[in-house]
Amino acid sequence: EELVAKSIAPVKREYLRPPPSAPLLKDKKSKRQIKRERREEQKSPLHLCPKVAKSGKVSACPYGDKCRFSHDVEAFKAVKPADIEGSCPFCSYGLACRFAGTHRGKSSELNFFSKDTQKLLWKNKMKFPKAEATLKLLGLDARPLKKAKDKSLKLHPREKKLIDFRDKLYLAPLTTVGNLPFRRVCKVLGADVTCGEMAMCTNLLQGQAAEWALLRRHSSENLFGVQICGAYPDTVTKTVELIEQECSVDFIDINMGCPIDVVVNKGGGSALLTKPMRMKSVVEAASSTVGTPVTIKVRTAYFEGKNRIDSLIADMGSWGATAVTIHGRSRQQRYSKPADWDYVYQCVRKAPKSLQVLGNGDVFSYVDWNNHKTECPELSTCMIARGALVKPWIFTEIKEQRHWDITSGERLDILKDYARFGLQHWGSDSKGVETTRHFLLEWLGYTCRYVPVGLLDIIPQKINWRSPSYYGRDDLETLMASDSAADWVRISELVLGKVPSGYSFAPKHKSNAYDRAENG
């Protein structure tokens, strides 16, 4: 009880061990050094031209001697890293593939970004007839009509597709780690609803391919949405029209809760909580433009102690929102205190019957899930965020109503699935392998927080518990409990082969993984 009061996981005494000594910190590379290494890498025989790699013929490259990639096939074969065990899951990488050419199958992904659309966005020639008509009628256009008497522009409420979140297991949109391979893992383990990583409206409207890649969907994601973030009605409305036109999605979620400074300083995310009239304009304009259901995600308030969602929620349904997810923390609070579920329940009871209200914050076991549903039956469902990052089998636990004492071997199988899904998504050449490894390592920064059920004196584990150093029941379980990036690299080698010489990994955020602000 004393340990729990201090938020320390009560690991059984026989498994405790002294904390390992801290590793020596290496000097960080300068931007100039990284740039120089990148240039040298491009000159390397390993940087084989994709056209040549696919066909095996130098003549296949249309750029000839002007190509910035290497065309030396024999030199590439001499330095190519060893193949990874297994067969290629899906490939168009030819000689560059790390699976010795055992190619089969087709991509099962959807929402590929059209080059023609990208060119129109680049040249600022993309038309947004629905968005512009809606904005003019709502008086939100930058160039309003002198007389709003044009009957052809009359705003008709669009017939919305029906979507029911009630009692469904909803994997929250999660920046960086909530990528498509991770969502596929969660689908296998029981998630019902998935949502893409948060995409910035301005970047989508500029045709940035990396931002559009966040909207990619796998065929197994049968109830899938995308999350966007924008500060103004015009950018959000044009974005939702474009998404409905270009992508296959079941709902579009507008983020009004992201706490990170780079988003808030531009007026997006939780900054909108300080401007309720703009919140209304954004939701009203977006929902009036598309037939796809529009949902919103909010925090309790911007400032601690100044909750305001309870005063707005009665009107959110009339704005056109299908559902609202309330994260039980303020922007100022970040993750420093437990989520305020009593306030979430208060908002749920004030909401109109037509508006589905979801709760979010600290769900880490089927007991947490059951408690929230029992305390507030009107709650549609709970969104699961960090709990799924630490233990993605939480979806299985909720569906089967049990504490799963998962073995290290079963956890390794989940990591193998992730590696396979990652190679299908990012590619099976050396670049794809290392991209998969990078995102796997980012995820391992969360999974090491899990303490096996059989090692605890009190169950279930709470999400805010810090785990002491402990021995697992086998060497692999001990390795998986390590918070050392070097040990995460060792785990990655079990599923993706040896790392290149001189490889090092620094987590995106060196601070406590629980405090990652962008998972708002």
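Colleague: Phe 113 and Trp 212: buried or exposed?

Modeller: Both Phe 113 and Trp 212 are buried. Keep in mind that this is a predicted model.

Colleague: How are the rings of Phe 113 and Trp 212 arranged as an aromatic pair?

Modeller: The two are stacked, with 4.4 Å from centre to centre and 5 degrees between the planes. Phe 113 is in the loop between strand S1 (109-110) and helix H5 (115-122), while Trp 212 belongs to helix H9 (residues 209-212). The pair links distant parts of the chain, 99 residues apart.

Colleague: How many aromatic pairs are found in the whole structure?

Modeller: A search finds 10 aromatic pairs. Another one is Tyr 170 with Phe 251, which is edge-to-face: 6.0 Å centre to centre and 75 degrees between the planes.

Colleague: Which parts does the pair of Tyr 170 and Phe 251 tie together?

Modeller: Tyr 170 lies in strand S2 (residues 170-171) and Phe 251 in strand S7 (residues 251-256), so the pair ties together parts that are 81 residues apart in sequence. Tyr 170 and Phe 251 are buried. With Phe 165, they form one aromatic cluster.

Colleague: Back to H5. Which residues of H5 are buried?

Modeller: Thr 117, Gln 118 and Leu 121 are buried in H5. They line one face of the helix, because they fall within an arc of 100 degrees when seen down the axis. The face turned away from that buried side carries the exposed residues Lys 115, Asp 116 and Trp 122.

Colleague: And what do the buried residues of H5 pack against?

Modeller: They pack against helix H8 (201-205), H9 and H10. Helix H10 (233-246) also turns up at H6, where what covers the buried residues includes H10 and helix H12 (276-289).

Colleague: Which residues are buried in H6?

Modeller: In helix H6 (residues 129-137), the buried residues are Ala 131, Thr 134 and Leu 135. They are on the same side of H6, because they cover an arc of only 95 degrees around the axis. As background, an α-helix has 3.6 residues a turn, so residues three or four places apart point the same way.

Colleague: What happens just after H6?

Modeller: Gly 139 takes a positive phi of about 70 degrees there. Further on, in the loop between H6 and S2, is Asp 167. Asp 167 has a positive phi of about 65 degrees although it is not a glycine.

Colleague: Where does Ser 7 lie, and what is its phi near?

Modeller: Ser 7 lies in the loop between helix H1 (2-5) and helix H2 (31-43). Its phi is near 60 degrees, a positive value in a residue other than glycine. Most residues other than glycine have a negative phi, and most peptide bonds are trans.

Colleague: Why does Ser 7 count as buried?

Modeller: Its relative accessible area is 17%, and buried means under 20%.

Colleague: Which residues does a cis peptide bond join?

Modeller: A cis bond joins Ile 459 and Pro 460, with omega about 0 degrees. Pro 460 is in the loop between helix H19 (430-447) and H20.

Colleague: What does Trp 443 touch?

Modeller: Leaving out residues up to four places away in sequence, Trp 443 touches Val 177, Phe 182, Val 185, Leu 389, Pro 392, Ile 414, Leu 415 and Tyr 418.

Colleague: Where does the charged end of Lys 391 sit?

Modeller: It sits over the ring of Phe 364, 5.0 Å from its centre. The charged end of Lys 306 sits over the ring of Phe 303, 5.8 Å from its centre.

Colleague: And how many helices and strands has the protein chain?

Modeller: The protein chain has 21 helices and 11 strands. Buried residues make up 52% of its 520 residues.

Note on methods:
Residues are numbered from 1 along each chain as its sequence is written. This is a predicted model: local features need pLDDT of at least 70, side-chain atom pairs count only at pLDDT 80 or more; totals for chains, interfaces and linings use all residues. Side-chain values use heavy atoms; hydrogens and water are left out. Contact means heavy atoms within 4.5 Å. Buried means under 20% relative accessible area, exposed over 50%, partly exposed in between (1.4 Å probe, protein chains only). Helices (H or I, at least four residues) and strands (E, at least two) are DSSP runs, numbered from the N terminus. The arc is that of the directions from the helix axis to the C-beta atoms. Rings of Phe, Tyr and Trp (its six-membered ring) pair if their centres lie within 6.5 Å; planes under 30 degrees apart count as stacked, over 60 as edge-to-face and the rest as tilted. A charge sits over a ring if NZ of Lys or CZ of Arg is within 6 Å of the ring centre and within 35 degrees of the ring normal.
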